[in-house]
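I opened this entry to keep track of what I looked up in one structure. My plan was to go from the overall fold to single contacts.

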Amino acid sequence: MDRRISPVTPEQSTFAPNSHRRSLAPVSLAACVLIGLALTGCATTPPQGADSPTADVRHALDRGDCRAAYDALDSADAPTVVDIRLSVARVCLQRGEFTRTRNLADAILEEHPNHPDIDYAAYLGALAQLGTWNRASSVPPKQRSEQGRQVFLRLAAFLNDYPMSEYTESVAPRLARLRENLADIELQIADQSAAAGNQDEAHARTEYVRDYYPGTAAAQTAADRLQSQEEDAGG
């Protein structure tokens, strides 16, 4: 029985009809730049039979109550099968409970690396880390850049580790958009350096954006600035 959760269908009830598993070819990053980044809901086929959740977990999932479902998993008599934990992690992701999502996903990755839905656990964990980064928009640019690169590495690792996963079509455009965001942040850091009178650092940052983020809007801006500076210096 398929218990996978589709990343590209509208959110449905936690207990939905069975659906057939899809297998997609890897999506190239260049092509994904053109794909929209709209966040989409997730729908799941629930665990059945012996793997069905306890009443507390089931009722919490029906209500979309991440915290109650998460706490019920921690109780001594609650089942801890992977499929149920994935259902709870999905609800937590949808509710913006990113820490709980990552706790569940990372534990599954560590404890059940051969589970048939391990790519879904990796997918949920990566999106939770991305969600945490997106939420922390007020973090200083240098720190935000460092944290963003860690998120980028996790998303890129997903595409590398699970190239045939059906979730590549959801991760790849997010990775492309994150790359654009990181380039913008690096250019912002360059602007701050210039405003502080650190022209050498500003120049080096601008060159970095041009050279390491090709194809982004920020890279084009950086290239234009550097060309203008060269023309002024030769002028």
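**Entry 1: the fold**

I noted at the start that this is a predicted model. I looked up the secondary structure and found 10 helices and 2 strands. Along the sequence I read the order as β-α-β-α-α-α-α-α-α-α-α-α. The chain has 235 residues, and 44% of them count as buried. I then looked up the contacts between residues at least 6 apart in sequence, and 70% of these join residues at least 24 apart. The exposed surface comes to about 11900 Å², with 50% of it supplied by carbon and sulfur atoms.

**Entry 2: the nonpolar core**

I wrote down a general point before looking inside. In soluble globular proteins, nonpolar side chains tend to be buried together. Here the largest nonpolar core has 49 residues. Val88, Tyr123, Leu124 and Leu155 are the residues with the most contacts inside this core. I listed the elements that give two or more residues to this core: α2 (55–63), α3, α4, α5 (98–111), α6 (118–135), α7 (141–161), α8 (168–195) and α10 (217–234). Helix α6 supplies the largest share of the core, 11 residues.

Leaving out residues up to four places away in sequence, leucine 155 touches Ala126, Leu130, Val171, Arg174, Leu175 and Leu178.

**Entry 3: helix α7**

I checked the length of α7 next. With 21 residues at 1.5 Å a residue, α7 should span 30 Å, and its end C-alpha atoms are 30 Å apart, which agrees. Which residues of α7 are buried? I found Pro141, Arg144, Ser145, Gly148, Val151, Arg154, Leu155, Phe158 and Leu159. I set a general point beside this list: an α-helix has 3.6 residues a turn, so residues three or four places apart point the same way. The cover over the buried residues of α7 includes α5, α6 and α8.

**Entry 4: the disulfide**

I searched for disulfides and found 1. Cysteine 66 and cysteine 92 form this link, and their sulfur atoms are 2.0 Å apart. The link is right-handed, with 90° about the S-S bond. What does the pair tie together? Cysteine 66 lies in helix α3 (residues 66–74) and cysteine 92 in helix α4 (residues 82–94), so the pair ties together parts that are 26 residues apart in sequence.

I also asked of each cysteine: buried or exposed? Cysteine 66 counts as buried because its relative accessibility is 3%, under the 20% cut-off. Cysteine 92 is buried as well, with a relative accessible area of 0%.

I looked up the surroundings of cysteine 92. Residues up to four places away in sequence aside, cysteine 92 touches Cys66, Glu97, Arg100 and Thr101. I also took one C-alpha distance: cysteine 92 and glycine 64 are separated by 8.1 Å, though they are 28 residues apart along the chain.

**Entry 5: the salt bridges**

How many salt bridges does a search of the whole structure find? I got 10.

Arginine 149 and glutamate 186 meet through their side chains at 3.2 Å, N to O. Arginine 149 lies in helix α7 and glutamate 186 in helix α8, so this bridge ties together parts 37 residues apart in sequence. Arginine 149 is partly exposed at 31% relative accessible area, whereas glutamate 186 counts as buried at 0%.

Glutamate 201 and lysine 142 form a salt bridge at 3.4 Å, N to O. This pair links distant parts of the chain, with glutamate 201 in helix α9 (residues 199–212) and lysine 142 in helix α7, 59 residues apart. I recorded glutamate 201 as partly exposed at 28% and lysine 142 as partly exposed at 43%.

Aspartate 65 and arginine 63 form a salt bridge at 3.5 Å, N to O. Aspartate 65 is partly exposed at 29% relative accessibility, and arginine 63 is exposed at 54%.

The network of salt bridges that I noted links Arg67, Glu97 and Arg100. Glu97 and Arg100 are also among the residues that cysteine 92 touches.

Definitions and conventions
Residues are numbered from 1 along each chain as its sequence is written. This is a predicted model: local features need pLDDT of at least 70, side-chain atom pairs count only at pLDDT 80 or more; totals for chains, interfaces and linings use all residues. Side-chain values use heavy atoms; hydrogens and water are left out. A disulfide is a pair of cysteine sulfur atoms within 2.5 Å. Helices (H or I, at least four residues) and strands (E, at least two) are DSSP runs, numbered from the N terminus. Buried means under 20% relative accessible area, exposed over 50%, partly exposed in between (1.4 Å probe, protein chains only). Contact means heavy atoms within 4.5 Å. Accessible areas come from the Shrake-Rupley method with a 1.4 Å probe; for residues, only the protein chains shown count as cover. A nonpolar core is a set of buried Ala, Val, Leu, Ile, Met, Phe, Trp, Tyr and Cys residues joined through side-chain atoms within 4.5 Å. A salt bridge is a side-chain nitrogen of Lys or Arg within 4 Å of a carboxyl oxygen of Asp or Glu. The expected span of a helix is 1.5 Å times one less than its number of residues.
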